[in-house]
Amino acid sequence: MPTALRWFLYPIVFLVGLIAMAIALAAVVLSLTYPNLPSLEILTDYRPKVPLRVYTADGYLIGEFGEERRAVVNIQDVPPVMKQAILAAEDERFYQHGGVDTLGVLRALHANLLGGGKRQGASTITQQVAKNFFLSSEKTYTRKLYEALLSFKIESNLSKDQILELYINQIFLGQRAYGFAAAAQTYFGKPLAELTLAEAAMLAGLPKAPSAYNPVVNPKRARVRQQYVLRRMSELGFISDAQYEAALQQALVIKRDVNEAPVHAEFVTEMARQIAAERFPDDVYTRGLRVYTTIVKDDQETAYAALRRGVMDYDRRHGYRGAEAYVDVGDIKSEQDDALDELLQDFHDAEDLHPAIVLQADSKKIRAYRRGGEVVTISGDGLKFAARMIDEKAPANKRLRRGAVIRIQSDDKSAWRIVQMPEAEAAFIAADPHDGAIRALVGGFDFNHSQFNHATQAWRQPGSSFKPFIYSGALEKGFTPASVINDEPISFPAAVTGSQAWEPKNYDGKYEGPMRMRTALAKSKNMVSIRLLQASGVRFVQDYVTRFGFDASKHPPYLTMALGAGSVTPWQMVTAYAVFANGGYRVRPYIVSEIQDDKRQVLARAEPITAGDETLRAIDPRNAYLMDSMLRDVTIYGTAARASATLKRKDLAGKTGTTNEHVDAWFCGYQQTVVGCSWIGFDQPKNLGAGETGGTAALPTWIAYMAKVLKDVPESFLPAPEGLVTVASPGPGKGPSEEVFYRENAPAELAPSPPLDETVKPED
């Protein structure tokens, strides 16, 4: 063989030999490695960590708990636009390759060789599934080989749609969101099926680098990535030119607060979480439990808005307290200095009450920096509330000057005004009086500021809102709404009260002499309540009030019980007033109706007790009827007359309550379809201020709620039970022209009503 030919053939033979050896080695590696690849059971029996989710009765998501936000969807429920966006961004040949895209590998190899390093990857969706479920994220050739082998195994055992479904549900997309369904809720607050083309493209751009392309943290980079995905969709023929241009022009609304839910029900959500964790402690945050509460979205939002408005109105009545805090702005170089955001990091938004740093202040305007780079100017009416704290004579530690932290709020006309975080707290709770289902519950002004649930945890004195139960007990002892009791001063020695001598007074210091029991309740006369309790017997009444759900130990058997000196919670008060609303039955309020597993199988269901079952009877139906009648008078011409006057209906009943020294203000009342209780006070009990009674501070919240939930509800009244008789009343007075009695203690005729003071104040 010629020498030249030998030198030509030897390298070829050597190269072929190397290739053969490589093939043989690869065969050995495959024969040894492939059988030892992990089982695909984790894929074929896919059980992701799905958080605990809480819903309203009408199906709105109000909260979720778990390390991972995830919503598992079937591939057939993924809209085509989302699939196309994913394929365009991640793996355009997904339905053609067998797990590893050879063309993609060669393209990436070429780019990396030219670039001098591993700059471009060629992972397919199948390879990403293999990595996410079985492998680490290290970039080594050994790991890539293992990934490729796993991909071949996955492709040989699962269909393309099954692989894509796993990818869509498992991939991490930032903000603790795993899977595209969770990301749609996290970033846009909507289900996957409602995404627009522009929104789908934004989400499809996230898998490459969830932190770098996060639209919350890096909106500019996210926008660039979205444009790339849209361009690829256009080049691949997934969308038309018109769709491409329209998507580029669409302004996206990104949820800045990833914890934001469409319903303000944080206290309800936390109650539901505790109930679920107590019932199913194992894997409660990863097994995909769905907790359905009894609250209704519109009712809850109405209650939330009513409570916040009530507290803010109270707060404004007592003036501006000055700067919330001060920060050092000495090193701030401009109004757009990034350090301003750092100075605000310890001050959180309270819904629409935004913290801001004063940059400039004088009597005519204030310029303030709001988180995110916005500088707002406040002037005119927007300064009125805080005007006295802008003056040079204002206390130095409260004056609004450069560096002061204030709260600002935008009005309906997008003008800014100065407000403040209220110091007072409040609670509101509403329920169906017939089965106890909670329709709305707000446990405080701002859940992020204080998680203490005042609706269920706050033990407070009920004041005069407790009087109806004293009166109900008196009816059991033979009193009638027409019984005449003396409204005159009274005093008791220490031996009677159990502590010290006591000389109680009426709220307004006025005494009107003999008056009917009905009138006394409407006008909330303390002297009459005390005399009724004394005549009925304090031990009897202490036991009697337990029929309504009160704890006897919280109401010591002293005459001070007549003025509501015991302790109750708003939850208890709603339970108790429901007895009057439903005709005398004790129902149990409940807030969770059902708990389901991730397959929608019911694991637990509430079994409410319903009014009408005589085993639940708490008081005589005649007693309930008479109390309902008297409590309606309270809202028509008594201390809560504003209720009927505002809502223009006569079927409202309830009672105001103000404790000694104006520490707590209440209004608890009902219409036949809903019972509600409103409370306002301070966490550390102190005087609410002169004139801040139940009718002034608490009743407006109740009215605002009822105005909406009763809008289309016709008037209704308790039907009269058997055993009652009606006797005409000759008057005079502002009371009814006839009175109702138990048959066994009805008089032959009714004595004239004592003259009444026609002036009734909304006070206790």
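Guide: Buried means under 20% relative accessible area, exposed over 50%, and partly exposed in between (1.4 Å probe, protein chains only). This is a predicted model, in which local features need pLDDT of at least 70 and side-chain atom pairs count only at pLDDT 80 or more, while totals for chains, interfaces and linings use all residues. Residues are numbered from 1 along each chain as its sequence is written, and side-chain values use heavy atoms, with hydrogens and water left out.

Visitor: How far is E425 from the nearest side chain of opposite charge?

Guide: E425 lies in strand β12 (strands are DSSP runs of E, at least two residues, and helices runs of H or I, at least four, numbered from the N terminus). E425 is buried and has no salt bridge, a salt bridge being a side-chain nitrogen of Lys or Arg within 4 Å of a carboxyl oxygen of Asp or Glu. Lys and Arg count as positive and Asp and Glu as negative, with His and the chain ends not counted. On that count, the nearest opposite charge is R308, at 8.8 Å.

Visitor: Which residue's backbone nitrogen does the side chain of E425 reach?

Guide: Beyond four places in sequence, the contacts of E425 (heavy atoms within 4.5 Å) include G444, F445, H454 and W679. At 2.9 Å, the side chain of E425 reaches the backbone nitrogen of F445.

Visitor: In β5, which residue is the bridge partner of Y55?

Guide: Another open sheet has the order β2-β1-β5-β16-β17, with mixed pairing. Its strands β1 (residues 52-55) and β5 (residues 290-293) run parallel and share three bridges. In β5, the partner of Y55 is Y292.

Visitor: How many residues apart in sequence are the parts that E324 and R407 tie together?

Guide: The side chains of E324 and R407 meet in a salt bridge, N to O at 2.8 Å. E324 lies in the loop between α13 and β6 and R407 in strand β10, so the pair ties together parts whose separation in sequence is 83 residues.

Visitor: Are R460 and D664 buried or exposed?

Guide: The closest N and O atoms of their salt bridge are 2.7 Å apart. R460 is in the loop between β13 and α16, and D664 is in strand β19, so parts 204 residues apart in sequence are tied together. Both residues are buried.

Visitor: What is the relative accessible area of R518?

Guide: R518 in helix α18 and D633 in helix α22 are 115 residues apart, yet they form a salt bridge with closest N and O atoms at 2.7 Å. D633 counts as buried at 11%. R518 is buried too, at 4%.

Note on methods: Polar contact = N/O pair within 3.5 Å; in protein donor to acceptor, adjacent residues only side chain to side chain. Pairing = 2+ DSSP bridges.
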